[in-house]
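Hi,

Here is the structure I promised to pass on to you. Have a look at it first, and my notes follow below.

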Amino acid sequence: AEYDTLMVEQRGGVTLITLNRPKALNALNSQVLAELLAALAAFDADATQGCAVLTGSEKAFAAGADIKEMSAQGFAEMYGGNFFGGYERLTQTRKPIIAAVAGYALGGGCELAMMCDFILAADTAKFGQPEIKLAVTPGMGGSQRLARAVGKAKAMEMCLTGRMIDAAEAERAGLVSRIVPAAELVEESVRTAQTIADMAPLAVLANKEMVNAAFETTLAQGVQFERRLFHGLFGTADQKEGMAAFVEKRPGQWTGK
Ligand code: HXC
């Protein structure tokens, strides 16, 4: 499919999606949302693809929701139209999505990165929730996901002051999994995604699903959920193959069954 605001390419088992509105620093408007949901649905349905990478430009992952599109809207349009409510559908993608962030990830941009399964940051990355400076708040889950990722103190300070944090502070706070030199960000993210795409597909789905359960359940329920999925994988051919391959000192050959 062809998109106006995205570039999508397949590299082996990895779908690389690049936000492409350079003149607006990849500000997220309704068209970006519609195209991103379509591209991710196609990725999720394509059995040759095992992991996605979502990235922006060197200057900006995304500088937020498109302020020019939002500014004139009233309550009826925002609430009635469930403005950007559709972004939650992104989190229903069953295969993993890595956010590869260079430059600004502000407002909706930071929220979009946090909706992905983990964030790899270039050393140039800057994260922030500056909505308060526009007299509003995060609206794509930022207050909730940031608080879970970095804890109350830093989330509260960032939301109340709009202060941006750099890659090093984001890594210390647990917002990003690691920092990569900017020039290597996309390549390293695709390599990491290919590592995941090379794993047994059902085990990938199960690992993603159970880590996410940690944010939705009590510890006892989460542990139970983990154990049930773990037990279930012993009904798959790939579990037999994976353990036989280990014993025979050879790589596993997955069937996805
Ligand atoms: C629309 C934007 C934009 C945005 C940048 N642009 N961010 N357009 N929405 N969020 C546009 C600018 O208007 C400008 O267009 C062009 O991109 C380049 O931006 P500059 O400001 O000239 O670049 P620079 O001086 O380098 O500053 C970069 C910046 C700054 C620090 C990232 O652009 C900035 O502060 N942007 C807004 C960040 C923000 O407040 N984000 C939160 C948005 S609210 P022209 O045409 O003038 O050249 C949000 C709510 C989420 O995200 C909830 C949704 C439900």
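Thr236 counts as buried, since its relative accessibility is 13% (buried is under 20% relative accessible area, exposed over 50%, partly exposed in between, with a 1.4 Å probe and protein chains only). This is a predicted model, where local features need pLDDT of at least 70 and side-chain atom pairs count only at pLDDT 80 or more, while totals for chains, interfaces and linings use all residues. Residues are numbered from 1 along each chain as its sequence is written, and side-chain values use heavy atoms, with hydrogens and water left out.

Thr236 sits in the loop between helix H10 (219–233) and helix H11 (237–247) (helices are DSSP runs of H or I with at least four residues, strands are runs of E with at least two, numbered from the N terminus). Leaving aside neighbours within four places in sequence, Thr236 is in contact (heavy atoms within 4.5 Å) with Leu202 and Lys257.

A polar backbone atom of Ile67 is 2.9 Å from a ligand nitrogen, and one of Gly108 is 2.8 Å from a ligand oxygen. The protein buries 66% of the 1000 Å² that the ligand exposes when taken alone (Shrake-Rupley areas with a 1.4 Å probe; for residues, only the protein chains shown count as cover). Ile67 belongs to H2 (residues 67–70) and is partly exposed at 44% relative accessible area.

Happy browsing!

Note on methods:
A polar contact is a pair of N or O atoms within 3.5 Å; within protein, one must be able to donate a hydrogen and the other to accept it, and residues adjacent in sequence count only if both atoms are side-chain atoms.
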